[in-house]
Amino acid sequence: MVDPGIHAVASSPDGPRSAQPRKAAPLTLQDAFQLPALHAFVSEARRCVVSRLREWGAHEDVRTDAELVISELFTNAVLHTDSVEIGCGLRVTGLHLRVEVADEGRRSGEQRLRSADFEEESGRGLLLVKAFSETWGVRARENGQGSVTWADLPYRPAPGRLPHPQPGRHAE
């Protein structure tokens, strides 16, 4: 999970300098927030993601896809864990957007893709995440309590916009 707050990170390669020109390291933008693990906060998670991506200059299609992915991942954490809070993270690096949702554990079963029957109202969330993502997965949280479900989406800026640090925020 990314650290709370926005961090614009521009990194440079370590090691000795060479005479050959280097490509600039891609700019990384990231944000994280936590919300109560209640279904009523799914819409707030969507709003936070769309708002941040708009501030960063993301294309409307990117914002729409990320909104769907965060909605599905947050809903799964609410429905299938005993979490009190759910952590959400966004990270743009170059032309990639990572969306993460961290739960506090005691999952009611392994996260897996499944086919829902036509009449079922749920059971398609991870299929949607897979369809809108380049790749996705689940890993244990660093503290061992719960898991982080992540999805990598293609990123592109809105026409005429480039990702950039927000005024008043710090670059690392």
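This is a predicted model: local features need pLDDT of at least 70, side-chain atom pairs count only at pLDDT 80 or more; totals for chains, interfaces and linings use all residues.
User: Which elements make up the protein chain, and in what order do they run?

Analyst: Helices (H or I, at least four residues) and strands (E, at least two) are DSSP runs, numbered from the N terminus. In this case there are three helices and six strands, and from the N terminus on the elements run β-β-α-α-β-β-α-β-β. Among contacts between residues at least 6 apart in sequence, 66% join residues at least 24 apart.

User: How many of the residues count as buried, and what does the chain expose?

Analyst: A residue is called buried under 20% relative accessible area, exposed over 50%, and partly exposed in between (1.4 Å probe, protein chains only). Of the 172 residues of the protein chain, 40% count as buried. Accessible areas come from the Shrake-Rupley method with a 1.4 Å probe, and for residues only the protein chains shown count as cover; by that method the chain exposes about 10100 Å², of which carbon and sulfur atoms supply 51%.

User: Which way do strands E2 and E3 run, and how do E3 and E4 pair?

Analyst: Two strands pair if DSSP finds at least two bridges between them. Strand E2 (residues 27-36) is joined to strand E3 (residues 85-93) by nine bridges, and the two run antiparallel; within this pairing, Asp31 stands opposite Leu90 in E3. E3 and E4 also pair in the antiparallel sense, over seven bridges, with Leu97 in E4 as the bridge partner of Val92. The hairpin of E3 and E4 has two residues between the strands, and in it Gly94 takes a positive phi near 60°.

User: How do I check the span of helix H1, and which of its residues are buried?

Analyst: The expected span of a helix is 1.5 Å times one less than its number of residues. For the 14 residues of H1 (residues 42-55) this gives 20 Å, and the end C-alpha atoms are 20 Å apart, which agrees. An α-helix has 3.6 residues a turn, so residues three or four places apart point the same way. In H1 the buried residues are Val42, Ala45, Cys48, Val49, Val50, Arg52 and Leu53, and the buried residues of this helix pack against E2, H2, E3 and E4. H1 is followed by Gly57, whose phi is positive, near 85°.

User: How many salt bridges does the structure hold, and which parts of the chain do they link?

Analyst: A salt bridge is a side-chain nitrogen of Lys or Arg within 4 Å of a carboxyl oxygen of Asp or Glu, and the structure holds six. Asp61 forms one with Arg156, the closest N and O atoms being 3.0 Å apart; this pair links distant parts of the chain, with Asp61 in helix H2 (residues 60-80) and Arg156 in the segment after strand E6 (147-154), 95 residues apart. Asp61 counts as partly exposed at 39% relative accessibility, and Arg156 counts as partly exposed at 39%. Asp152 pairs with Arg98 in another salt bridge, with closest N and O atoms 2.7 Å apart; Asp152 lies in strand E6 and Arg98 in strand E4 (residues 96-102), 54 residues apart, and both residues are buried. Glu100 forms a salt bridge with Arg139 at 3.3 Å between the closest N and O atoms, which links strand E4 to strand E5 (residues 135-140) across 39 residues. Glu100 counts as buried at 2% relative accessibility, whereas Arg139 is partly exposed at 32%.

Conventions:
Residues are numbered from 1 along each chain as its sequence is written. Side-chain values use heavy atoms; hydrogens and water are left out. Contact means heavy atoms within 4.5 Å.
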